[in-house]
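Please keep the sequence and the coordinates open beside it.

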Amino acid sequence: MSFASKAALFGAFASAVLAHGTVSGIIADGVYSEGWQLSYYYSIQNGQTYPDTPGWYAEDLDNGFIAPDAYAEADIICHKNAKNSNSSATVAAGGSVDFQWTAWPDSHIGPIFTYVANCGADCGTVDKSTLKWVKIDEAGIDLDTQTWPTTGMIANNNTWTTTVPSTLAAGKYVFRHEIIAMHGAGSENGAQNYPQCSNIEITGSGTDSPEGTLGTALYTSTDPGILFNPYTTLTEYTIPGPALYSGATGTSGGGASGSSSSAPVATSSVPAVSSVFPSATSAPATVASHHSNSGYPDAADRPTPRYQRRAETHP
């Protein structure tokens, strides 16, 4: 790698340390797969090879977000300039998928979702703009405790567990996992969407193929769950996006639903994310070599991402 490339990579790492989160890996029915890593972008730029992963290519190099004024644009589907992965993980209908996030700041409160879209014969070539997304998992604020699911996700080793509905038909799917950070939701265009996509094939005997929603039609900037004051005691909260799929089992691990009922924090055991930074937890030896940039230190003072569309504010 050239000196210029190394310098660029170092600068990107430094920016990532001070930014937000991405999905560094998934565990589908107990089998770990690495997610898309920042370093792979620079491998491509330098004509080098990199491991195949189910995670989709994306250019969120500073771990930035998609703002509400881009909800009608393609970047909201699987993040900035996202491109298909040719690799896939596998999960049985009724099984679970753990989404491992890099360090997430506790100030970035908000709901968590998982969507799936059947991609037909080949997820590696499907046009992302044609994918129709079915929400199989959602969690909003717990009205009893005024706690957001991001709090439970952080406590659970930065991991969110989604149960795949047993009724879904077998096939090749793209999973779209997302956190919407709401610390700036009191201002129009203040919410921050972090969509992350992975190819996961579903096996089993399910037969249901529900109709989904195009990615560019999932949200509007004035949805009541997108534009609201998150720093008051909420007596109700409308979870953004289309209705939860009727075959879903409800809230999955790490958070609570949008109603007043509570849900337990997930307790599944997952590998810790590793990092080049000494404050992060080390990963098991079997996966550490693939995680050179997957974990980041505490992000209390993270600056504004380079490509966000507004100045980030905190109360």
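## Disulfides

A search of the whole structure turns up 2 disulfides, a disulfide being a pair of cysteine sulfur atoms within 2.5 Å. The structure is a predicted model: local features need pLDDT of at least 70, side-chain atom pairs count only at pLDDT 80 or more, and totals for chains, interfaces and linings use all residues. Residues are numbered from 1 along each chain as its sequence is written, and side-chain values use heavy atoms, leaving out hydrogens and water. With bonded cysteines counted along the chain, the pattern is 1-4, 2-3.

## Cys78 and Cys197

Cys78 is bonded to Cys197, with S to S at 2.0 Å. Cys78 sits in helix α3 (residues 75–78) and Cys197 in strand β9, so this pair ties together parts 119 residues apart in sequence. Helices (H or I, at least four residues) and strands (E, at least two) are DSSP runs, numbered from the N terminus. The torsion about the S-S bond of Cys78 and Cys197 is about -80°, so the disulfide is left-handed.

Are these cysteines buried or exposed? Cys78 is buried, at 2% relative accessibility. Cys197 is buried as well, at 6%. Buried means under 20% relative accessible area, exposed over 50%, and partly exposed in between (1.4 Å probe, protein chains only).

## Cys119 and Cys123

The other disulfide joins Cys119 to Cys123, with S to S at 1.7 Å. The angle about its S-S bond is -45°, and the link is left-handed. Cys119 is buried at 7% relative accessibility. Cys123 is buried too, with a relative accessible area of 6%.

## The sheet around β9

Strand β9 belongs to an open sheet of 6 strands. The order is β3-β9-β8-β5-β6-β10, with mixed pairing. Two strands pair if DSSP finds at least two bridges between them. β3 (89–92) and β10 (213–214) stand at the edges, each with a single partner strand, so one side of each has no neighbour in the sheet.

β3 pairs with β9 (residues 192–203) in the parallel sense, over 4 bridges. Within that pairing, Ala89 has Ile200 of β9 as its bridge partner.

## Confidence

Mean pLDDT is 80, and 73% of residues reach 70 or more. pLDDT is the predictor's confidence in each residue, from 0 to 100.

Which residues have pLDDT under 50? Residues 1–19 stay under 50, and so do residues 255–315. Beyond four places in sequence, the model has 31 contacts for residues 1–19 and 160 for residues 255–315. Contact means heavy atoms within 4.5 Å. Where pLDDT is low, the predicted coordinates should not be read in detail.
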